[in-house]
Amino acid sequence: MRDSAGIPGGAEAAGGSSKPPRNRRRRLLRWIAFAMVLLVLAGAGAAWWIYRKLDGNITEDTSAAAELRRYERDRPTHVADGAQNILLIGSDSRSGAENRKYGQDGGSERSDTAILLHLPADRKSATAVSIPRDLMADIPSCLQPDGSRTAERFGQFNWAFQWGGAACTIRTVEKLTGIRIDHHMVVDFGGFKKMVDAIGGVEVCIKQPMNDAEAKLRLPAGRQTLQGEQALGFVRARYGLGNGSDTERMERQQQFLGSLVKKVQSNGVLLNPGRLYPLLDAATSSVTTDPELASLRGLYELVRGVRDIPTDQVKFLTVPRRPYTANPNRDELLEPDAERLFQQLRMDMPLTVTPPSPLPLPSPTPPSPSLSPTPPSPSPTPPTPGRPNPTPPSDAAAGQEPSAGTGRAPTPVPTFTGTTAGTAGCR
């Protein structure tokens with residue numbers, strides 16, 4: 001074959017290059033476009049499958065919602081637009097394979113932990129208030145699992161969850177505080193462990209060795225990264241550390257939750273798909289919520305509003321209380337301090353927390369030349385857990401509520417004994 005110049009083989013024989021036929025290029029472009037469409041569809045399908053799986057994990061508490069509607073007239077009104085109050089309940093249920101190892105399933109459960117989480121309208125802070133399970137409270141008439149109703153009774157706070165589940169606990173908290181509960185979440189032992197394992201454990205500092213057979217925990221003192229089983233024992237332990245009081249147990253729970261907040265907010269979790277998906281899967285499959293939160297969208301809207309809160313504005317404290325007069329092994333509210341705290345939360349007003357001040361060591365007293373002895377000064381009273389600090393903070397440290405041009409002196413922001421997520425961990 002010759003080209004127009006008479007050279008055998010045409011342009012290729014002369015060292016030139018021929019372009020692939022136009023139809024071949026079109027077929028190549030079609031295959032590339034088809035592959036891209038497949039990738040997009042596969043990605044969209046995987047994302048939809050993940051969304052449906054996570055969304056379907058959440059258990060909706062319809063029975064509690066129905067019971068709360070029944071007593072709507074008795075419930076407090078919501079007075080602070082945009083603010084939310086969420087009751088977090090840790091259940092000690094022994095049902096299911098994960099929970100059965102911690103004891104025999106007696107068909108009932110109690111609230112091993114109860115925390116009232118207040119999110120202000122501006123979402124610039126969060127306040128978590130622990131409610132002691134041994135606190136004496138007025139428990140209303142509640143619907144039991146067998147369909148019967150209990151009588152109103154004055155008793156231990158955690159009896160409410162045993163008798164009537166989340167609805168009874170919510171109504172008890174609302175009666176105790178006057179605060180409207182907008183949402184609730186219930187997590188059991190197994191769910192708690194899965195969430196801790198999903199983020200690779202949580203670091204805490206232990207002041208002295210722990211050995212609590214009931215909580216299945218044995219740990220040395222010092223810096224420790226606790227995995228699921230150890231973490232559960234750490235927040236449940238009551239008899240193997242300190243004086244065995246519920247106060248110390250709640251302080252450890254607050255320390256752990258502060259460290260957990262710091263870990264979840266870190267880029268090592270939020271920007272790591274290998275950690276984020278297991279956390280979402282564990283969280284959604286472990287939680288029972290009210291119908292408004294019982295969807296991935298509902299939980300996302302909640303998390304989106306709090307994910308950027310600085311750790312030093314995530315506050316932990318305990319309801320102000322004192323030993324119950326009739327039984328010192330139980331607690332009762334310390335007034336007027338408790339009502340002052342509830343009022344701040346109810347009205348969505350600010351508060352600050354400060355760690356309890358260590359008692360000063362007694363200094364040696366030089367001998368007095370006086371013949372008559374000088375009476376000793378009274379010893380300082382240890383701070384009551386959760387009680388407002390008797391010394392108001394400086395304006396620069398705690399801020400003040402504006403007087404709005406009324407000419408009155410600004411009111412100092414109340415300070416309570418507590419801690420923040422920013423100070424959690426080793427210190």
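Predicted model: local features only at pLDDT ≥ 70, side-chain atom pairs only at ≥ 80, totals over all residues.
Residues are numbered from 1 along each chain as its sequence is written. Local features need pLDDT of at least 70, side-chain atom pairs count only at pLDDT 80 or more, totals for chains, interfaces and linings use all residues, and side-chain values use heavy atoms, with hydrogens and water left out.

**Helix pairs**

Helices are DSSP runs (H or I, at least four residues), numbered from the N terminus. Axes are lines fitted to C-alpha atoms over the stretch in contact, with angles from 0 to 180 degrees between N-to-C directions.

| Pair | Axes come within | Crossing angle |
|---|---|---|
| α6 (residues 189-198) and α7 (residues 228-236) | 8 Å | roughly 125° |
| α3 (residues 62-70) and α5 (residues 159-177) | 7 Å | roughly 40° |

α3 is therefore oblique to α5 (under 35 degrees is roughly parallel, over 145 roughly antiparallel, 65 to 115 roughly perpendicular, the rest oblique). Ala-64, Glu-67 and Leu-68 of α3 meet Ala-166, Ala-167, Ile-170 and Arg-171 of α5 (contact: heavy atoms within 4.5 Å).

α6 and α7 are oblique to each other too. From α6, the contact uses Phe-189, Phe-192, Lys-193, Val-196 and Asp-197. From α7 come Gly-228, Glu-229, Ala-231, Leu-232, Val-235 and Arg-236.

**Nonpolar cores**

A nonpolar core is a set of buried Ala, Val, Leu, Ile, Met, Phe, Trp, Tyr and Cys residues joined through side-chain atoms within 4.5 Å. Buried means under 20% relative accessible area (1.4 Å probe, protein chains only). The largest core has 40 residues. Phe-192, Met-210, Leu-217, Phe-234 and Phe-256 touch the most other members.

Key: Helix = DSSP H or I, 4+ residues; strand = E, 2+ residues; numbered from the N terminus. Buried < 20%, exposed > 50% of the residue type's maximum accessible area, 1.4 Å probe, protein only.
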